[in-house]
Amino acid sequence: MARYARVKGSIALITLTNPPVNALSAAVRRGIMESVSRALKDEQVKAVVFCGENEKFCGGADIKEFSGSMSGPPLVPLIHSIEAGEKPMVAAIEGVALGGGLELALGCHYRVANTKACLGLPEVTLGLLPAAGGTQRLPRLIGIPAALELITTGRHVSAQEALQLGIVDQVAQGSAVQAAMELALSVIGQPLNPRRLSLRAPVWAPDVDGVCDAALAQVKQRSRGAMAPVACVQAVRAAAMLPYSKGMERERQLMDTLFRSGQAQAMQYAFFAQRNAGKWSLPNGSQWNNTRARDVQRAGVIGLGTMGRGIAVSLVKAGISVVAIETDAKQLESGKKAVTAMLQRDAQRRGVSPPLHLLTFTLSFHQLRDVDLVIEAVFEDMNLKKRVFSDLCKVLRANSLICTNTSGLNVDELAAVTDRQPLVVGMHFFAPAHVMKLLEVVYGARSSPEAVATAMALGKRIEKVCVAVGNCSGFVGNRMLKLYLDQSVYMLEEGATPEQVDQALEEFGFAMGIFKVSDLSGLDVGWRVRKASGLIGPDVDPVKPSRWRLGRRYCPLPDMLCQQGRFGQKTGRGWYLYDSPGSKEAKSDPEIQTFLEDYRRKYGIIPRRITSQEVIERCAFALANEGFRILEDRIAASPEDIDVIYLFGYGWPRHRGGPMFYASQVGLSVVLEKLEHYHRIHPDVPSLEPSRLLRRLVAEGSPPIQQWKSHIKNLRSHL
Ligand code: NAI
């Protein structure tokens, strides 16, 4: 796992060999330890160069080892022994030096990178900190502010930036190994103490406290409730205040706390869930590795509203030519302007020219005759979409795919009006479509595996995190969201304020509470959907809306707000008040307090105090409960898929893993008990009734989430 060779007569070349990225597994650490000791003993050897096989230095720790007990030599003393070695040690960084890989390099006396290398300490993104001396050596090398920025964000830097920051001593145009060997030969005999970062004094400066406090405030704001970024700041602060050995103790204590917190497990779970999301499978056995995707060179986008614009931008940025269609010249012109401006801004930021030549704006469907695939993004109206779908069939090639960006309409019903049901799938983007990472690929009953594979591959090409889901109202994300929204508005009826609910959710880790999000998306959107589904209309009294519809509890508060023209940010008033239409800063609105009080009085509701705990339990467990139903219905293939959807599409905090992971972490029996409790109190809310799958999993002894899939398979036959 580490190859030893003597080269150029006096250099020991130690090559890490653990493809694909030479992760520091137990065997690699043992290999390094033995090789270093051999190099130090060999009198012919005057200097040591470390490199990685296949031009990749080292991608860091082996994450798979985190869950088991550690074996093999620990990394901290290993790096110390390299740094303490009495021969110059040089890291030759090619490809990647990440996490433990960079910490290993920081233990060396010199570092050389080639131009293509990237370096970083991404531990924070896994809920950890760089605990092999990274938080103590990096600040001693590049100073507190730069180290804080790199360690708290986990950002990767290029070789050139690493040189400017002082992380590496040299950037080589060609082979970093060659350059490292030359450097090693040139420094033989020079004193090593000045190169040993652990011997440097703490990097205290008069403004250190201010810098650390500002970093702390920033990370708390950026990742609410996440412990790792806070611990990173505390560890770097120790590097400024304490001698190295004390700083290392602090680093270890902080790491132990993170390991025990549960957040690191959640973030590592999220990491693997994200990696596996693209590995889709359909109930008929077709899956990602036995189905070929079609090549997509030309695409059509129908409708250049909020979503169509972002979709067109994403496609063009990936080099796909786009024919963009609108209904009239005015809409077309405004869409064109918006798309062009977005592409220009992006190109300017990246210092390239905007790929405007890939775009055709037109009112004519005939221009679509050569496209490989169309994404429809017209209003959320079944009849309109059906009309568009049948019009498309008249002009498209027989083998072109038709995709819909509907947020929840029945994909099968749409496919049924076409001459190509197997070639119809949903591609559900999230707003803004060129920014949000999530893409739900919705397969209908007759969608072909090839169509699913093509949509998934296209999603990946435009850099989305894609999850394949089955067809049902709202698919996975919006089907669950509805129940989460319901709980939030019920709590307003019962005594909470939008501020209280949002604050509880934000403290839990959501970037924004549900009422702020609703104001941002526009309250009128849901209002229109409810009207279309007959929940509001001539048969329902608009002046005195009842609290009971279609056989269950109904909260008319959002409808009543819309009746007052309070659509959210766009009208300057929603659940909150805004300085002007379109402004973003939400302020409490005393009118809403009065409105809620009047409402409760009218319906004889005695308000009660609702705790943050109740807010979280009712929102999070309602989400998970519906997630279990979605698994029962085979709409999602795994709990991981549901969690990825919530992490990337709905702002669920990553350090909580996702609603399904959260339920498993809290304990399925606790979730069951709480749902039973809330359902007893609210028998008119059927969605709070614990799902059959949850009950069965608890009866089976609450298996860990990684085992649910096999339990679900077994349980399905009994359900
Ligand atoms: P929008 O109202 O902003 O834009 C719709 C556009 O379609 C308008 O510009 C309209 O002129 C155009 N259009 C209507 N009929 C057309 C036709 N026959 N041919 C060509 N263009 C036509 O709507 P938005 O928000 O972009 O939504 C579009 C679709 O995306 C809907 O199905 C919606 O449910 C879905 N969606 C919306 C999200 C959002 O947050 N806005 C998120 C995810 C999906």
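Analyst: For the residue classes used below, Ala, Val, Leu, Ile, Met, Phe, Trp, Tyr, Cys and Pro count as nonpolar, Asp, Glu, Lys and Arg as charged, and the others, Gly among them, as polar. The model is a predicted one.

User: By class, how many residues of the shell around the ligand are nonpolar, polar and charged?

Analyst: The ligand has 23 residues around it, of which M307, E326, E380, K385 and S407 come nearest. Divided by class, this shell has 3 charged residues, 9 polar ones and 11 nonpolar ones.

User: Which element supplies the largest share of the shell around the ligand?

Analyst: At least two shell residues are supplied by each of α13 (306-317), α15 (382-395) and β15 (424-429). The largest share is 3 residues, and the element that supplies it is α15.

User: How far is a polar side-chain atom of K385 from an oxygen atom of the ligand?

Analyst: K385 is one of the residues that come nearest to the ligand. Other pairs involving a ligand oxygen atom include one with a polar backbone atom of T306, at 2.9 Å, and one with an N or O atom in the side chain of Q331, at 3.0 Å. For the polar side-chain atom of K385, the distance to an oxygen atom of the ligand is 2.6 Å.

User: What percentage of the accessible area that the ligand has on its own does the protein cover?

Analyst: On its own, the ligand has 830 Å² of accessible area. The part of this area that the protein covers is 80%.

User: How many disulfides does a search of the whole structure find?

Analyst: A disulfide is a covalent bond between the sulfur atoms of two cysteines. The closest cysteine sulfur to that of C403 is in C466, and because the two are 12 Å apart, they are too far for a bond. Both residues are buried, C403 at 0% relative accessibility and C466 with a relative accessible area of 6%. Over the whole structure, the number of disulfides found is 0.

User: How far apart are the end C-alpha atoms of helix α24?

Analyst: Helix α24 covers residues 612-632, and at 1.5 Å a residue its 21 residues should span 30 Å. The value computed from the model agrees with this expectation, since the end C-alpha atoms are apart by 30 Å.

Terms used. Residues numbered from 1 in each chain as written. Predicted model: local features only at pLDDT ≥ 70, side-chain atom pairs only at ≥ 80, totals over all residues. Heavy atoms only, no water. Disulfide = S-S within 2.5 Å. Buried < 20%, exposed > 50% of the residue type's maximum accessible area, 1.4 Å probe, protein only. Near = heavy atom within 4 Å. Polar contact = N/O pair within 3.5 Å; in protein donor to acceptor, adjacent residues only side chain to side chain. Areas by Shrake-Rupley, 256 points an atom, 1.4 Å probe, with all protein chains shown as cover. Helix = DSSP H or I, 4+ residues; strand = E, 2+ residues; numbered from the N terminus. Expected span 1.5 Å × (residues − 1).
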